[in-house]
Amino acid sequence: MSRPSEAQVAANRNNSKHSSGPKSERGKHRSSQNAMRHGLTGRIVVLPHEDMEVFKAFSKEIVESLNANSPMERQCAQAIADAQWRLNRARTFEDGMIALGHYEAEGNFTADSPEIHAALTAAKVFRDRSKDFANLALYEQRIGKAQKEAFRQLYDLQDRRKAAIPMQPTLEEPKPVVQAIAATAAAAATETTKPVQSIASEKIGFVHSTAEINPTPSEKTTEIPATTPFAIPEKRAA
């Protein structure tokens, strides 16, 4: 490969002085996005053709659902929302790649029904552009991994914050230990107020009291000998 001559170098330098790039705001903005192809790996979350208000509503709903309180928790929650926005975009690209086949060579054939034509077109797109689908799946895997790490950091921060908050007992309801002590004391007081006779009868299991079982001599009744209707014959001497 030959080197450019001095005249060519001078001409290029002279031409570069007359070019200042795009001058309109639209042209400058478009030129600033020349290196971006699909927006799946760059730092720009919302692409120029996407609706910023839709993204704000989408992001706000996800962040609020994650109960992020501290600034770092909100950062992790926002990273989760950004990753989900990119994942949805990747899935839209996949549907668009298949739909594009209907207007290109993959869909240039006839079939017996529209359903058969759509199924065969999708199969031909996947067969002819398998490398593109593999790259798209790789992007989705990387985004999903980043989102998983953001979830882990968020949950770790929330666990640390909750562990630092001391548990405060409520004043309306007594503690279970206090309730158990009060119930034991009340039961003991009830047992001591019972009559001794009733306590003994309950523990032994007798129906009658001790006084009824062993009456005093004055309370004893005269026993009447039982009579038998049969006379016992006297034993005669042999």
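Which two residues have side chains that meet in a salt bridge at 3.0 Å, N to O? They are Arg127 and Asp128, where a salt bridge is a side-chain nitrogen of Lys or Arg within 4 Å of a carboxyl oxygen of Asp or Glu. Arg127 is exposed, with a relative accessible area of 56%, and Asp128 is partly exposed at 43%.

The model is predicted: local features need a pLDDT of at least 70, side-chain atom pairs count only at pLDDT 80 or more, and totals for chains, interfaces and linings use all residues. Residues are numbered from 1 along each chain as its sequence is written, and side-chain values use heavy atoms, with hydrogens and water left out.

The protein chain has nine helices and zero strands. Helices (H or I, at least four residues) and strands (E, at least two) are DSSP runs, numbered from the N terminus. Of the 238 residues of the chain, 19% count as buried. The chain exposes about 19900 Å², of which carbon and sulfur atoms supply 57%; accessible areas come from the Shrake-Rupley method with a 1.4 Å probe, and for residues only the protein chains shown count as cover. Contact means heavy atoms within 4.5 Å. Among contacts between residues at least 6 apart in sequence, 60% join residues at least 24 apart.

The interior may be considered next. In soluble globular proteins, nonpolar side chains tend to be buried together. A nonpolar core is a set of buried Ala, Val, Leu, Ile, Met, Phe, Trp, Tyr and Cys residues joined through side-chain atoms within 4.5 Å. The largest such core here has 10 residues: Ile62, Val63, Leu66, Ala68, Cys76, Ala77, Ile80, Ala81, Ala150 and Leu154. Helices α3 (52–65), α4 (71–100) and α6 (130–164) each supply at least two residues of this core, and α4 gives the most, with four residues. A second, separate core of five residues includes Ala90, Met97, Val125 and Phe133.

Phe55, Ser59, Ile62 and Val63 are buried in α3. Seen down the axis of α3, these buried residues fall within an arc of 95°, so they line one face of the helix. The arc is that of the directions from the helix axis to the C-beta atoms. An α-helix has 3.6 residues a turn, so residues three or four places apart point the same way. On the other side of α3, Glu53, Glu61, Glu64 and Ser65 are exposed. What covers the buried residues of α3 includes α4. Just after α3, Asn67 takes a positive phi of about 55°.

Which residues of α5 are buried? They are His117, Thr121 and Val125. These residues cover an arc of only 65° around the axis, which puts them on the same side of α5. The face turned away from that buried side carries the exposed residues Glu115 and Arg127. What covers the buried residues of α5 includes α4 and α6. His117 has a relative accessible area of 16%, and, leaving aside its neighbours within four places in sequence, His117 is in contact with His102, Gly107, Phe109 and Ala111.

The account ends with the charged side chains. The structure holds eight salt bridges. In one of them, Arg161 pairs with Glu73, the closest N and O atoms being 2.8 Å apart. This pair links distant parts of the chain, since Arg161 lies in α6 and Glu73 in α4, 88 residues apart. Glu73 is buried at 1% relative accessibility, whereas Arg161 is partly exposed at 25%. Glu140 forms a salt bridge with Arg91, the closest N and O atoms being 3.9 Å apart. That pair also joins α6, which holds Glu140, to α4, which holds Arg91, across 49 residues. Finally, Glu104, Glu106 and Arg129 are linked in a network of salt bridges.

Definitions and conventions. Buried means under 20% relative accessible area, exposed over 50%, partly exposed in between (1.4 Å probe, protein chains only).
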